[in-house]
Amino acid sequence: MTGLRRAVMPTGFARISGQIGGQLTDLQLIPDTLTWRKLPVLWLLVTQPGALPVSQRIDLMVRPRGIEPFSTFDTLPHQTILPQDFPFDACLRSESPLSPAEAALLQRHQHLLQNPRIKELIIAPEGLRLTFFADEAERGRYLIFREAEMGRDALEPETLAPLLGALADLRADIFAGAADKDARKSA
C-alpha cells in the first residue's frame, strides 16, 4: 500500500487507506457487539472510492438482520427478488428498480456472495464496498466473562487479495459496460 494513512477509530480499531495497485482503498474494522443471541463480530469494510458510471446505489446483503451497524441497507426503498442461483438468504435493495444492464452485472458477479465470509456488496456512483467477516469473539470468554476480544490476529495478504481482485474485476466490468453503452449510442 502506497501513500499509507493510518488512524485509530473511536471504537479502538484501525482504519488505513492508500493506493493498492493504483486504486485508492480504505480498510476499516467495525465491531458489531449489539447483535442479540450472536457472538460479537468484527467486520472489515473494504472500500474503493471513485466515481463509477452507475445510476444508483445497489446493495446486496447476505443474512440481513436490520441491525447491521456498518450499513444503510435498510434505508434503500426498492427490494428486488433475486434469481435462484443467488444464495437463498441474500437480499437486494436499491434506490430504484434495476435496469437490465444492472441485473446482468449482478448476475455476472453473484459468485462473490458464495464466500460465506462476505456479508455485503455495495455498488454506488461514488465507489464499491465489500463487507467481510474478519473475526469473532471467543465463545467461552464471551459467555462467561462478557469479553469480546477481537482483532488480535493480523489480516493476512492472502485473505485480502481475493477481495481486492473481486473489486477490480467488478470495476472493470462496470467501465466496460459503460463503454459498450456509449459505443452503441454513437453508432
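Buried here means under 20% relative accessible area, exposed over 50%, and partly exposed in between, with a 1.4 Å probe and protein chains only. By that rule Lys119 and Glu68 are both buried. The structure is a predicted model, in which local features need pLDDT of at least 70 and side-chain atom pairs count only at pLDDT 80 or more, while totals for chains, interfaces and linings use all residues. Residues are numbered from 1 along each chain as its sequence is written, and side-chain values use heavy atoms, with hydrogens and water left out.

**Sheet**

- An open sheet is formed by 9 strands in the order 1-2-3-4-9-8-5-7-6, with antiparallel pairing; strands (E, at least two residues) and helices (H or I, at least four) are DSSP runs numbered from the N terminus, and two strands pair if DSSP finds at least two bridges between them.
- Strand 1 (2-8) and strand 6 (78-80) are the edge strands, each with a single partner, so one side of each has no neighbour in the sheet.
- From one strand to the next the twist averages 20°.
- Strand 6 pairs with strand 7 in the antiparallel sense over 3 bridges, and His78 has Ser94 in strand 7 as its bridge partner.
- Helix 1 lies across strand 5, strand 7 and strand 8, and runs at about 35° to strand 5; axes are lines fitted to C-alpha atoms, for helices over the stretch in contact, and angles run from 0 to 180 degrees between N-to-C directions.

**Nonpolar cores**

- The largest nonpolar core has 29 residues, and Val46, Leu60, Ile123 and Ile174 have the most contacts inside it; such a core is a set of buried Ala, Val, Leu, Ile, Met, Phe, Trp, Tyr and Cys residues joined through side-chain atoms within 4.5 Å.
- Elements that each supply at least two residues of this core include strand 4 (41-49), strand 8 (118-124), helix 1 (100-108) and helix 3 (157-186).
- Helix 3 gives the most to this core, with 7 residues.
- Not counting residues up to four places away in sequence, Ile174 touches Leu52, Pro53, Val54, Leu105, Ile123 and Leu128, contact meaning heavy atoms within 4.5 Å.
- A second, separate core has 7 residues, among them Trp43, Leu45, Met61 and Phe73.

**Salt bridges**

- The count is 5 salt bridges, each a side-chain nitrogen of Lys or Arg within 4 Å of a carboxyl oxygen of Asp or Glu.
- Glu126 and Arg57 meet in one of them (3.7 Å, N to O). Glu126 is in the loop between strand 8 and strand 9 and Arg57 in the loop between strand 4 and strand 5, so the pair ties together parts 69 residues apart in sequence.
- Glu126 is partly exposed at 49% relative accessible area, whereas Arg57 is buried at 17%.
- Asp89 and Arg63 form a salt bridge at 4.0 Å, N to O. Asp89 lies in the loop between strand 6 and strand 7 and Arg63 in the loop between strand 5 and strand 6, so this pair ties together parts 26 residues apart in sequence.
- Asp89 is partly exposed at 22%, and Arg63 is partly exposed at 26%.
- Lys119 forms a salt bridge with Glu68, with the closest N and O atoms 3.6 Å apart. Lys119 is in strand 8 and Glu68 in the loop between strand 5 and strand 6, 51 residues apart.

**Gln110**

- Gln110 sits in the loop between helix 1 and strand 8 and is buried, with a relative accessible area of 13%.
- Leaving aside neighbours within four places in sequence, Gln110 is in contact with Asp85, Phe86 and Pro87.
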